[in-house]
Amino acid sequence: MNSDKITKWVLLLSSFIILFVTGGMIFSLINGSIPAFKNFGFGFIFSNNWNPTEGKEIYGALPFISGTLITSVAALIISLPLSFSASLFLGEYFRGTKMAKVLGTMVDLLAGIPSIVYGLWGFYVLRPFLIDLGIPNQGFGIFTASIILAVMIIPYATSLSTEIIMMVPNELKEAAYSLGATKSEVIINVIVPSARSGIIASYILSFGRALGETMAVTMLIGNANVIPNGLFSTGNTMASVIANQFGEADGLKLSSLMAIGLLLFLITGIINGIGKFIIKKMA
Amino acid sequence: MNAAAKRIEVDNLKVRTLKDNFIKGLIIVLSVITISPIVLIIYELIAEGIKQINFQFILKTPPNSFEAMTALANGDIIPGGIANGITGSLLMVVMASAMAIPVGVVTGIFLYENPGKFLANLTRNISDILQGVPSIVLGLISYVWVVKSITNGFSALAGSVALAIMMLPMIVRSTEETLKMIPQSIKEAALALGVPYYKVILKVLIPTGFSGLLTGILLGISRVLGETAPLMLTALGSTIINMNITKPTSAIPLLIWEFYNDPNMIDLVWSSSLLLMIIVLTLNIISKQIAASSK
């Protein structure tokens, strides 16, 4: 066999590694969660019981699924006006200027901050501030976690939608300007409609990010294994229950946590898949 | 056009200009609010953390809770440092890089060489999915694969496997994107001279795209350096400097988490976070500089 063939095989094999790792991951997650699903059936997904007492063990994922979805949706809503403004700042108003460079760098740095540092800042700086505003539960809960999550997903949403906004053809904008449109009219009537699906995709992808965040949420959400009954209620997310309960887990409890991991994997996979699909269709 | 219609038009333009300026102002204000957290966070870390940063902090292991309490009661700074975290982070990141970089770069080359082929598209989509997997799930996986089966206990190896799976898709995609920007003619010139394929990769593609590859690698490293959740499930933490890859090992983020849970150690929380941030942001900025200078 000549060296070119060997090279081709090496390239091919290495690409199999990634397929193998992902396949193995899905297999291990399913394999690990079989005891939980055997014991509780698919009711596991819709049950809100969480009782680790030996002999009376019963686990359900609904409080965590609902907590995850509520915090992520709230984070998305909070981040939307901020990151959309920033992407217009970067991609339209101050495109290519020094100001945009500074702002862009700072947004990028936000993406570099580790999750645990966000959690610390939320715990020691944001939480006391919210307590002063009269937020109940010592400032812990869905609301506080959502604010921090919003800050954490802002860089992703901003950089993706900035790119999309920059892709809007100049001819379209110039045509509107030549008809006498102001800048804000161009944004509302030309840029947003023509970049709409891309902008939606970038927010879907940021939503996918928010679903899996662990440390910052764990430190702020209050870790109550109940279905949250409001924006200021405490709760728990799928990622943070795994982080919290993993230490003392074995047997059925470990399997339940694996099942929650599997569900989290599936949900983020579907959300990311939808986002990527929309972006690919655009390109 | 009569005078009245003209006035309406002028008024209309005034309203529109006013609205335009209002929206511009709103966007500037909201953009400034967007970046304010980075300023506030860095300010807080420096204000609270700088007093603990000294040589001892880098060279020693953490004190126990009682020592910290005594120091606090006497008004001293807390003795000890995070040497075990620094060495642990270094050990795990080096191992993760050793696993992820070769596989990632070679897979990236595969994607670049086979555009539009079924297997390449599949690999690309799978690596996109892998990139979206929450890090805590990677921790679970490495727990099952390494902690339960290979090292029979929490270990640095398990931690680095989780980090490697996290780095892999980032490196694959950045390699592919970098190579796409290299002019085809350079590669074709080498092939026309009859250079074997592996030499084209090693002597042409990788050197030409080196700065791009390095950017991707540094960004990947800076991302995994701050990861806490997967390490809690795999490396667990240790109070001593551990270089045995089959034993539990600490890391800077793991120490931050331990300090956070001990009210006596609060000062160390801030200084360790400050150190972690300095390392992560420096890597970030260096990689951005490399990317900018190669354009």
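Helices (H or I, at least four residues) and strands (E, at least two) are taken as DSSP runs, numbered from the N terminus. I worked on a predicted model, where local features need pLDDT of at least 70 and side-chain atom pairs count only at pLDDT 80 or more, while totals for chains, interfaces and linings use all residues. Residues are numbered from 1 along each chain as its sequence is written, and chains are lettered from A and ligands numbered from 1 in the order in which they are written.

Entry 1, loops with positive phi.
I looked up A:Asn223 and placed it in the loop between helix H9 (215-220) and helix H10 (238-245) of chain A. A:Asn223 is not a glycine, yet its phi is positive, about 50°. Most residues other than glycine have a negative phi. A:Asn223 is partly exposed because 19 other C-beta atoms lie within 10 Å; the class is buried at 20 or more such atoms, exposed at 12 or fewer, and partly exposed in between, with C-beta atoms placed from the backbone.
I then turned to A:Gln138, in the loop between helix H5 (115-132) and H6 of chain A. A:Gln138 also has a positive phi, about 60°, and is not a glycine. It has 13 C-beta neighbours inside 10 Å and so counts as partly exposed.

Entry 2, A:Thr144.
I found A:Thr144 in helix H6 (residues 142-166) of chain A. It counts as buried because it has 29 C-beta neighbours inside 10 Å. I listed its contacts (C-beta atoms, placed from the backbone, within 7 Å), leaving aside neighbours within four places in sequence: A:Gly122, A:Leu126, A:Arg127, A:Leu130, A:Gly139 and A:Leu220. A:Leu172 is 28 residues from A:Thr144 along the chain, and their C-alpha atoms are separated by 42 Å.

I counted 64 residues of chain B in contact with 60 residues of chain A. On the chain B side, helix H1 (residues 3-49) gives the largest share, 17 residues. That side has 44 nonpolar, 13 polar and seven charged residues, where Ala, Val, Leu, Ile, Met, Phe, Trp, Tyr, Cys and Pro count as nonpolar, Asp, Glu, Lys and Arg as charged, and the others, Gly among them, as polar.

A nonpolar core is a set of buried Ala, Val, Leu, Ile, Met, Phe, Trp, Tyr and Cys residues joined through C-beta atoms within 7 Å. In the largest one, of 166 residues, I noted that B:Met167 and B:Leu168 touch the most other members. H6(A) contributes the largest share of this core, 16 residues. Beyond four places in sequence, B:Met167 touches B:Ala96, B:Ala100, B:Gly104, B:Gly220 and B:Val224.
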